[in-house]
Amino acid sequence: MMKHLICILFVSVLVSCTQGPEQLPKGILSEAQMIDALVDVHLLEAAAQLNMLEGIKLDSLTLQDYYRALFETKSYSLAAFDSSFAHYAKDPEMMERLMDSVLTNIQMME
C-alpha cells in the first residue's frame with residue numbers, strides 16, 4: 001500500500017513539473033507566421049539592397065513604405081511583427097531555430 005502511495009505521489013509531482021506548450025502572449029505571431037514574415041522581410045531587404053547597389057532609385061518610397069505594403073497583404077500588422085520579433089529575440093535558441101528555418105525556406109526557393 002505504501003509503495004502505491006509513493007508511486008502515485010511521485011507521478012503526480014512529475015506531471016505537475018512538466019511544462020505544456022508555451023502559450024504565446026496576445027498579439028505575438030506563431031512560429032510559422034514568424035518564419036513566413038522573416039522570409040518575406042529578408043527577401044524585401046535583399047531586393048532593396050540589390051536595387052541600391054545597382055543604382056536603381058526607389059522613387060520617393062522608403063524601405064518603410066515597402067514594409068507597410070508587405071504587411072498589408074498579411075493577416076498581421078508590421079507592429080505585430082515588431083512585437084513578435086522582440087518577443088522571440090529574448091530567447092536566442094528560439095531565434096536561432098527560426099532563422100535556420102528562414103534560411104532553409106529561402107534555399108528551397110532557389
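Is F81 buried or exposed, and what is its relative accessible area? F81 is buried, with a relative accessible area of 7%, where buried means under 20% relative accessible area, exposed over 50% and partly exposed in between, computed with a 1.4 Å probe on protein chains only. The structure is a predicted model, in which local features need pLDDT of at least 70 and side-chain atom pairs count only at pLDDT 80 or more, whereas totals for chains, interfaces and linings use all residues. Residues are numbered from 1 along each chain as its sequence is written, and side-chain values use heavy atoms, with hydrogens and water left out.

**Overall architecture**

- The protein has five helices and zero strands, and along the sequence the pattern reads α-α-α-α-α; helices (H or I, at least four residues) and strands (E, at least two) are DSSP runs, numbered from the N terminus.
- Of the 110 residues of the protein, 25% count as buried.
- Among the contacts in the protein with a separation of 6 or more, 74% come from residues 24 or more positions apart, a contact being heavy atoms within 4.5 Å.
- The protein exposes about 8,400 Å², of which carbon and sulfur atoms supply 63%; accessible areas come from the Shrake-Rupley method with a 1.4 Å probe, and for residues only the protein chains shown count as cover.

**Buried residues and the nonpolar core**

- Helix α3, which covers residues 63–72, has Y67, L70 and F71 buried. Seen down the axis of α3, these buried residues fall within an arc of 90°, so they line one face of the helix; the arc is that of the directions from the helix axis to the C-beta atoms.
- The largest nonpolar core has 22 residues, of which M34, F71, F81, Y88 and L98 touch the most other members. The elements that give two or more residues to this core are α2 (31–53), α3, α4 and α5 (92–109), and α2 gives the most, with seven residues.
- A nonpolar core is here a set of buried Ala, Val, Leu, Ile, Met, Phe, Trp, Tyr and Cys residues joined through side-chain atoms within 4.5 Å. In soluble globular proteins, nonpolar side chains tend to be buried together.
- S84 is found in helix α4, residues 78–89, and counts as buried at 0% relative accessibility. With neighbours within four places in sequence again left aside, S84 is in contact with G27, I28, L29 and M34.

**Salt bridges**

- A search of the whole structure finds three salt bridges, each defined as a side-chain nitrogen of Lys or Arg within 4 Å of a carboxyl oxygen of Asp or Glu.
- The side chains of K74 and D36 meet in one of these salt bridges, at 3.1 Å from N to O. K74 lies in the loop between α3 and α4 and D36 in helix α2, so the pair ties together parts that are 38 residues apart in sequence.
- K74 is partly exposed, with a relative accessible area of 22%, and D36 also counts as partly exposed, at 34% relative accessibility.
- K74 also meets D40 in a salt bridge, at 2.5 Å from N to O. Because D40 lies in helix α2 and K74 in the loop between α3 and α4, this pair ties together parts that are 34 residues apart in sequence; D40 is buried, with a relative accessible area of 19%.
- R68 forms a salt bridge with D65, the closest N and O atoms being 2.9 Å apart, and the two residues, three apart in helix α3, are separated by about one helical turn.
- R68 is partly exposed, with a relative accessible area of 41%, and D65 counts as partly exposed at 24% relative accessibility. Salt bridges that share partners join D36, D40 and K74 into one network.

**Aromatic pairs**

- The structure holds three aromatic pairs. One of them, F81 and F85, is tilted, at 6.2 Å centre to centre with 45° between the planes.
- Rings of Phe, Tyr and Trp (its six-membered ring) pair if their centres lie within 6.5 Å, and planes under 30 degrees apart count as stacked, over 60 as edge-to-face and the rest as tilted.
- F81 and F85 both lie in helix α4, four residues apart, about one turn of the helix, and F85 counts as partly exposed at 36% relative accessibility.
- F71, Y76, F81 and F85 form one aromatic cluster.
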